[in-house]
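Here is a briefing on one protein model. Please keep the sequence and the structure in view while reading.

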Amino acid sequence: MNNKIEKLIDEAVAKIIERSGSPEKIKKLQEKHNVKIHFIPKRYRIFGGILQSMNIQFGNFIEVLMTLLIENDGHYKIITDYSGKKNNSFELSSKNDALIDNYITRCQTENINLDIEFPKLLKNIVLNKDGQTIKFNHDIDLLFKNIKTDKFYYMECKYNDDHDTGKFVDINRKFIKTYAYLVKELNIENSDELMPILFFFTNKKMKENDYIPEKSNIYRGKTFFEKFLKIEYAEIDKYLLNLSENPKTIKSFKNLYDKIINI
């Protein structure tokens, strides 16, 4: 794999470590552990808390990595006003809110053809984007557009398809409602102008998705890379498998450890 891509992956790791070990995060952990009675020294508890936070944030690492890879490809522009931000202010029409909830219920209770019904839903969301609205603060994993065609792509990033049944429903509902928020925010006039993508970094498939059509709107690892990026998925996958023992990664964690231990 070329050095440029390795640098991008290392940059993604560095960003996660930097965020997790920021002065603000350390200060919060200090305040938390100052009032805790424990036999483990406070500095070790703080370091352990940061490691635990990073473990939980592994999905964020995938999000950062995919942002860097898409940006590096040269065919796309990341919409930085929304991408990676956790408190975007959006509006959703009451009609679309009800429309999406009804669609989820139909998927749970009827044997519908997703390849027909999902595109129909997206078209109806565009048609019903105006009217009485409900306001939300909402996160967007990744929003980018093709530089040549100006077509937008909204991507919900997950590491693995391993969610339990209850959470799986919520993921899909959130995914569709986020599409509706963006339709309103970007003033989309045609459903072809904005494509929603549910992305899993690994190729693992736990079960059939009963809400989103697999062929058109779900991409698992290799399939996304083949359609959107010039780099091979296998190269990225191989590098990531050895990332934790990479000398650069070990050095970054040692520096973080030294920073905490010397508080």
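The model is predicted. An open sheet of five strands is ordered E1-E4-E5-E6-E7. Its pairing is mixed. Helix H4 packs on this sheet. Two helix pairs are described as well: H1 with H10, and H2 with H3.

**Sheet layout**

- The sheet is open and has five strands, in the order E1-E4-E5-E6-E7, with mixed pairing.
- Strand E1 (76–78) and strand E7 (218–220) are the edge strands, each pairing on one side only.
- On average, neighbouring strands of the sheet are turned by 30 degrees against each other, direction ignored.
- Helix H4 (residues 58–73) packs on the sheet and touches E1, strand E4 (142–146), E5 and E6.
- The direction of H4 makes about 140 degrees with that of E1.

**Strand pairing**

- E4 and E5 run antiparallel and are joined by four bridges.
- Within that pair, Phe-144 has Tyr-153 in E5 as its bridge partner.
- E4 and E5 form a hairpin, with five residues between them.
- Strand E5 (residues 152–158) and strand E6 (residues 194–200) run parallel, joined by seven bridges.
- Glu-156 stands opposite Leu-198 in E6.
- Lys-158 has Phe-200 in E6 as its bridge partner.
- E6 and E7 also run parallel, and three bridges join them.
- Phe-199 stands opposite Tyr-219 in E7.

- How many residues of E5 are buried? Seven of its seven are, and the strand is mostly covered.
- Both faces of E5 are covered.
- One side of E5 carries Phe-152, Tyr-154, Glu-156 and Lys-158, all buried.
- Leu-194, Pro-196, Leu-198 and Phe-200 point one way from E6, and all are buried.
- Met-195, Ile-197 and Phe-199 point the other way from E6, and all are buried.
- Leu-198 is therefore a buried residue of E6 that counts as nonpolar under the classes used here.

**Helices H1 and H10**

- Helix H1 (residues 3–20) and helix H10 (residues 233–241) pack at an angle of about 50 degrees, with axes 11 Å apart.
- That angle makes H1 oblique to H10.
- Their crossing is right-handed.
- From H1, the contact involves Ile-5, Glu-6, Ile-9 and Asp-10.
- From H10, the contact involves Ile-236, Tyr-239 and Leu-240.
- The residues of this contact divide into five nonpolar, no polar and two charged.

**Helices H2 and H3**

- The axes of helix H2 (residues 23–34) and helix H3 (residues 42–56) come within 10 Å.
- The two axes cross at roughly 130 degrees.
- The crossing of H2 and H3 is right-handed.
- From H2, the residues in contact are Ile-26, Leu-29, Gln-30, His-33 and Asn-34.
- From H3, they are Lys-42, Arg-45, Ile-46, Gly-49 and Ile-50.
- The residues of this contact divide into four nonpolar, four polar and two charged.

**Positive phi in two loops**

- Asp-150 lies in the loop between E4 and E5.
- Phi of Asp-150 is near 65 degrees, a positive value in a residue other than glycine.
- Is Asp-150 buried or partly exposed? Asp-150 is partly exposed, with a relative accessible area of 44%.
- Asn-187 is found in the loop between helix H7 (165–185) and E6.
- Phi of Asn-187 is near 55 degrees, again a positive value in a residue other than glycine.
- Asn-187 is partly exposed, with a relative accessible area of 45%.

How values were computed: Residues numbered from 1 in each chain as written. Predicted model: local features only at pLDDT ≥ 70, side-chain atom pairs only at ≥ 80, totals over all residues. Heavy atoms only, no water. Axes fitted to C-alpha atoms, helices over the stretch in contact; angles between N-to-C directions. Parallel < 35°, antiparallel > 145°, perpendicular 65-115°, else oblique. Left-handed = near helix turned anticlockwise from the far one by under 90°. Contact = heavy atoms within 4.5 Å. Pairing = 2+ DSSP bridges. Buried < 20%, exposed > 50% of the residue type's maximum accessible area, 1.4 Å probe, protein only.
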